[in-house]
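Trainee: Please take me through this model feature by feature, with the general idea ahead of each case.

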Amino acid sequence: MTAITLVQGDITRQRADAIVNAANSSLLGGGGVDGAIHRRGGPEILAECRRLRASRYGRGLPTGQAVATTAGALDARWVIHTVGPVWSATEDRSALLASCYRESLRVAGELGARTVAFPAISAGIYGWPMDDAARIALETVRAIPTAVEEVRFVLFDARAHQAFTRALG
Ligand code: AR6
């Protein structure tokens, strides 16, 4: 039985086996949580991302997929990078957003992670409405059989925390 917990805070301050990054397909960093993870985690993470680009992801990490690197100086063993979909008002991309959670948990399970911290993927720069992002995140995680013992959503502000609290029901 996987425990789902919600906390408000900065994901880069969390202790967990794996911290999930809302990355972009370049894997070379960006703003939002991605920028924060690379800043606090230090250059080892970017160095490993560059190696992954050179070996497996020359065309970028596709949306909905996930890949792990070291967590550098973060209080974690791994960062799992996943690429959320950009919100679209005309196209339903929710299967891709669900895939981010599913693939991140699959990678976490393969690594043997017992605790995994997620941000609200796609709900920042990528523009996904927070209530819908929270619903998809929680529905997906609840539906996946996994050896991960705790899935912790780390919500940056009160609005996000409230949306996830409502969606948890
Ligand atoms: N801890 C927890 N949550 C955070 C933090 C933090 N330190 N910082 C921001 N958030 P975003 P996206 C929240 O924009 O929408 C990057 O440039 C934020 O308030 O980080 O998937 C990437 O390189 C929001 O609720 O990710 C991509 O280009 C949530 O995390 C693009 O942004 C996600 O916001 C990805 O956009």
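Mentor: Two strands pair if DSSP finds at least two bridges between them. Helices (H or I, at least four residues) and strands (E, at least two) are DSSP runs, numbered from the N terminus. This is a predicted model, in which local features need pLDDT of at least 70 and side-chain atom pairs count only at pLDDT 80 or more, while totals for chains, interfaces and linings use all residues. Residues are numbered from 1 along each chain as its sequence is written.

Trainee: What is the order of the strands in the open sheet?

Mentor: Strands of a sheet pair through backbone hydrogen bonds, either parallel or antiparallel. Here six strands form an open sheet in the order β1-β6-β5-β2-β4-β3, and the pairing is mixed. β1 and β3 are the edge strands, each pairing on one side only.

Trainee: How many bridges join β2 to β5, and which residue is the partner of I19?

Mentor: β2 and β5 run parallel and are joined by two bridges. The bridge partner of I19 in β5 is A117. On the other pairing, strand β2 (residues 16–23) and β4 are parallel over seven bridges, with A16 partnered by A76 of β4. A18 stands opposite W78 in β4 and opposite V116 in β5. Helix α1 (residues 32–41) packs on the sheet, touching β2 and β4, and its direction makes about 130° with that of β2.

Trainee: Where does β3 come in, and in what sense does it pair with β4?

Mentor: Strand β3 (residues 66–70) pairs with β4 in the antiparallel sense over five bridges; V67, for instance, has H81 as its bridge partner. The two strands form a hairpin with five residues between them, and G72 in the turn has a positive phi of about 55°.

Trainee: Why is β2 described as largely enclosed?

Mentor: A residue is buried if 20 or more other C-beta atoms lie within 10 Å of its own, exposed if 12 or fewer, and partly exposed in between, with C-beta atoms placed from the backbone. In β2, eight of the eight residues are buried, so the strand is largely enclosed by the rest of the structure. For strand β4 (residues 76–83) the count is seven of eight, so β4 is also largely enclosed.

Trainee: Which residues have the most contacts inside the largest nonpolar core?

Mentor: A nonpolar core is a set of buried Ala, Val, Leu, Ile, Met, Phe, Trp, Tyr and Cys residues joined through C-beta atoms within 7 Å. The largest here has 52 residues, and A18, I19, V79, V116 and A137 have the most contacts inside it. α4 gives the most to this core, with seven residues.

Trainee: What are the buried residues of α4, and what do they pack against?

Mentor: M130, A133, A134, I136, A137, L138 and V141 are buried. They pack against β1 (3–8), α3 (94–111), β5 (115–118), β6 (150–155) and α5 (158–168). Two residues are in contact if their C-beta atoms, placed from the backbone, lie within 7 Å. Leaving aside neighbours within four places in sequence, A137 is in contact with Y101, F118, A120 and F153.

Definitions and conventions. Axes are lines fitted to C-alpha atoms, for helices over the stretch in contact, and angles run from 0 to 180 degrees between N-to-C directions.
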